[in-house]
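Reader: I'd like to go through the labels used for this model and hear what stands behind each one. Could you take me through a few?

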Amino acid sequence: MANSSIMSNSTSMMDFLLMEFSDLRDRQVSYAMFFSLIYLVTVMGNLIIAVVITLDQSLHTPMYFFLRNLSMLDSCYISVTVPNSCINSLLGSSSISKAGCATQVFFVLFCAYVELLFLTIMAHDRFAAIYKPLHYTSIMNPRLCVHSTLASLLSGLVYAALHTSNTFRLSFCHSHVVQQLFCDIPSLLKLSCSDTFSNWITILVSILVFVVGCFIFIIKSYIHIFSAVLRLPAGADRTKAFSTCVPHILVVGVFVISGSYVYLRRSAMSASTWDMVLSIFYSVIPPIFNPIIYSLKNTQIQCALRKLVTRMLFSGNVLRIPTQLSHSHVVGNQCR
């Protein structure tokens, strides 16, 4: 009867305590300011990309359609974890309610799942554009783009809901201190006094089937892309292709490997600094670097952004960038 009472109390626990950047107050504030700046720059960069692609009709192609989706997703992804950590550090508080923790777990899983699917679809888009250019319009038709986006979002909701509900049906009695900067499933499973074997098996199967499957598909797509690029004459086009593809593969690799390591590692109750660094790698790094890789080095995005700024400054009409203007300003991948 006593054990039953203890179990009931542990299950009804209202708050969890998250890890902090540092035990020193000055460092907590410094880290909070640093990550707040990164957060604001990342969100602004991603939203600017989404707005530019929406307003410039010359960018209404499959590649930029998915880039816009990725930018909006990345703004949401980094918003799930960073603001809460920064606010807690500034306020000197580390508590999060059970409902808030469940919400954070759900949206981290949802964003990470859809992020990987979008990156996989974008790799397929580049494969079709470079390796099968004559069939590109039939392969990446508008209907496929819309349906694949909706399928990614809906399956992401199901995936996140299943894992979140499977985690929070457990009883938590070992501790209420989550050994992580934000709530994630591996850290919560370490706190549970229930049998978590089925949870770990579910995580393992998910990673082996979904994560590894997508990663292999991305690598396979880029192998075909590289083989096609290597057949081109040595010059600017080959250099540009490699300078774009290699950073993409690196970011995807960091995202997949760090996330898989964190979720598969059944470590002790205490977390190391390395665990927290890895959590930043898969939750913060992709939203930061995706805009840089896909947009800041992209001539068409740069041209569209300049035209948008020009129209804001001189005409005040930014609701539509005419197609004629867009094409006339992009000649030989140069922005006039």
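**Labels and cut-offs**

Author: Let's begin with strand 1 (residues 15-18): Phe-16 and Leu-18 make up its covered face, while Asp-15 and Leu-17 make up the uncovered one. A word on the basis: this is a predicted model, where local features need pLDDT of at least 70, side-chain atom pairs count only at pLDDT 80 or more, and totals for chains, interfaces and linings use all residues. Residues are numbered from 1 along each chain as its sequence is written, and side-chain values use heavy atoms, with hydrogens and water left out.

Reader: What makes strand 1 and strand 2 a pair?

Author: Two strands pair if DSSP finds at least two bridges between them, strands being DSSP runs (E, at least two residues) numbered from the N terminus. Strand 1 and strand 2 (residues 95-97) have three bridges, in the antiparallel sense, with Phe-16 opposite Ile-96. Strand 3 (residues 177-178) pairs with strand 1 in the parallel sense over two bridges, and there Leu-18 stands opposite Val-178.

Reader: Why is the pair of Phe-106 and Phe-107 called edge-to-face?

Author: Rings of Phe, Tyr and Trp (its six-membered ring) pair if their centres lie within 6.5 Å; planes under 30 degrees apart count as stacked, over 60 as edge-to-face and the rest as tilted. By this rule there are twelve aromatic pairs. For Phe-106 and Phe-107 the centres are 5.1 Å apart and the planes stand at 90°, hence edge-to-face.

Reader: And why is the pair of Tyr-222 and Phe-226 tilted?

Author: Their ring centres are 6.3 Å apart and their planes are at 45°, so the pair counts as tilted. Tyr-222 and Phe-226 are four residues apart in helix 8 (residues 197-230), which puts about one helical turn between them; helices are DSSP runs too (H or I, at least four residues).

Reader: How do you know that Asn-290 is buried?

Author: Buried means under 20% relative accessible area, exposed over 50%, partly exposed in between (1.4 Å probe, protein chains only). Asn-290 has 2%, so it is buried. Phe-106, at 18%, is buried as well, whereas Phe-107, at 37%, is partly exposed.

Reader: What makes the link from Asn-290 to Glu-115 a polar contact?

Author: A polar contact is a pair of N or O atoms within 3.5 Å; within protein, one must be able to donate a hydrogen and the other to accept it, and residues adjacent in sequence count only if both atoms are side-chain atoms. The side chains of Asn-290 and Glu-115 meet at 2.8 Å, and the link is listed as a polar contact.
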